[in-house]
Amino acid sequence: MKKKTDLELTPDSFSRASTLRELMAKAQHHTQAEQLVLAALPESLAKGTRFVSCRDGELVLSATAATTASQIRFRQHEIMEELRKQELFRFVWKLKVKVAPPRFSERPKAKMTPLSNENARLLKEEAGHTKDKQLREVLEKLASHVRD
């Protein structure tokens with residue numbers, strides 16, 4: 001019988017594979033860079049902003065709303081000045097902001113509002129004048145949702 005492999009990912013277990021070790025190191029480096037960038041942003045803009053990358057002197061950020069992206073672009077010189085104080089971002093010369101709305105957002109549940117007595121009466125009246133049987137049944141069913 002074959003022994004089951006250990007698939008648990010912990011900081012200790014990634015030392016076995018060099019590729020995984022490199023990936024974990026890059027992820028930690030990215031997290032540290034993101035913390036530095038968010039610290040340089042004004043508090044009101046940091047909430048919906050993420051650090052994407054920094055290559056060849058170009059810093060790329062992602063904002064959840066267009067208004068946040070516009071504010072970052074408007075204040076980019078002071079943001080870059082603050083970032084250049086950090087060793088990691090001393091050669092940043094360009095700031096690019098992309099708008100990426102959140103992927104998942106909870107939709108509020110649709111509330112069923114009952115009909116008023118007057119609207120229910122009008123639906124029943126219209127159902128009485130309708131020749132189509134299926135439409136009449138639908139109208140009568142709608143009319144039954146009356147507020148008491």
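These legends go with a set of close-up views of one predicted model.

Residues are numbered from 1 along each chain as its sequence is written, and side-chain values use heavy atoms, leaving out hydrogens and water. Because the model is predicted, local features need pLDDT of at least 70 and side-chain atom pairs count only at pLDDT 80 or more, while totals for chains, interfaces and linings use all residues.

**View 1. The whole chain, to get your bearings.** There are 6 helices and 3 strands here, and from the N terminus on they run α-α-β-β-α-α-β-α-α. Helices (H or I, at least four residues) and strands (E, at least two) are DSSP runs, numbered from the N terminus. Of the 148 residues in the chain, 24% are buried; buried means under 20% relative accessible area, exposed over 50%, and partly exposed in between, with a 1.4 Å probe and protein chains only. If you take the contacts (heavy atoms within 4.5 Å) with a separation of 6 or more, 54% of them join residues 24 or more positions apart.

**View 2. The largest pocket.** About 210 Å³ of space sits in this pocket. On a 1 Å grid over the protein atoms alone, a pocket is an open set of points where a 1.4 Å probe fits, with protein on both sides within 12 Å along at least five of seven lines, and lining residues have an atom within 4 Å of a point. Grid points are joined across faces, edges and corners, and the volume is the space filled by probe spheres set on them. Strand 1 gives the most to the lining, with 5 residues, and helix 1 (18-40) also supplies at least two. Among the lining residues, look for Lys26, His29, His30, Arg55 and Phe89. By class, the lining has 6 nonpolar, 3 polar and 2 charged residues; Ala, Val, Leu, Ile, Met, Phe, Trp, Tyr, Cys and Pro count as nonpolar, Asp, Glu, Lys and Arg as charged, and the others, Gly among them, as polar.

**View 3. Phe89 and the largest nonpolar core.** This core has 19 residues, and Leu59 and Phe89 touch the most other members. Helix 1, helix 2 (43-46), strand 2 (58-63), helix 3 (66-74), helix 4 (76-83) and strand 3 (94-99) each give two or more residues to this core. A nonpolar core is a set of buried Ala, Val, Leu, Ile, Met, Phe, Trp, Tyr and Cys residues joined through side-chain atoms within 4.5 Å. Leaving aside residues up to four places away in sequence, Phe89 touches Ala33, Leu36, Val37, Phe51, Cys54, Leu59, Leu83 and Arg84.

View 4. Glu125 and Arg121 both lie in helix 5 (residues 117-129), 4 residues apart, about one turn of the helix. Shared partners join Glu118, Arg121 and Glu125 into one network of salt bridges. The side chains of Glu125 and Arg121 pair at 3.0 Å, N to O; a salt bridge is a side-chain nitrogen of Lys or Arg within 4 Å of a carboxyl oxygen of Asp or Glu. Glu125 is partly exposed at 41%, and Arg121 is partly exposed at 41% too.

View 5. The whole structure has 6 salt bridges. Arg90 meets Glu87 at 2.1 Å, N to O; Arg90 is partly exposed at 42%, while Glu87 is exposed at 55%. Glu78 pairs with Arg75, their closest N and O atoms being 3.1 Å apart.
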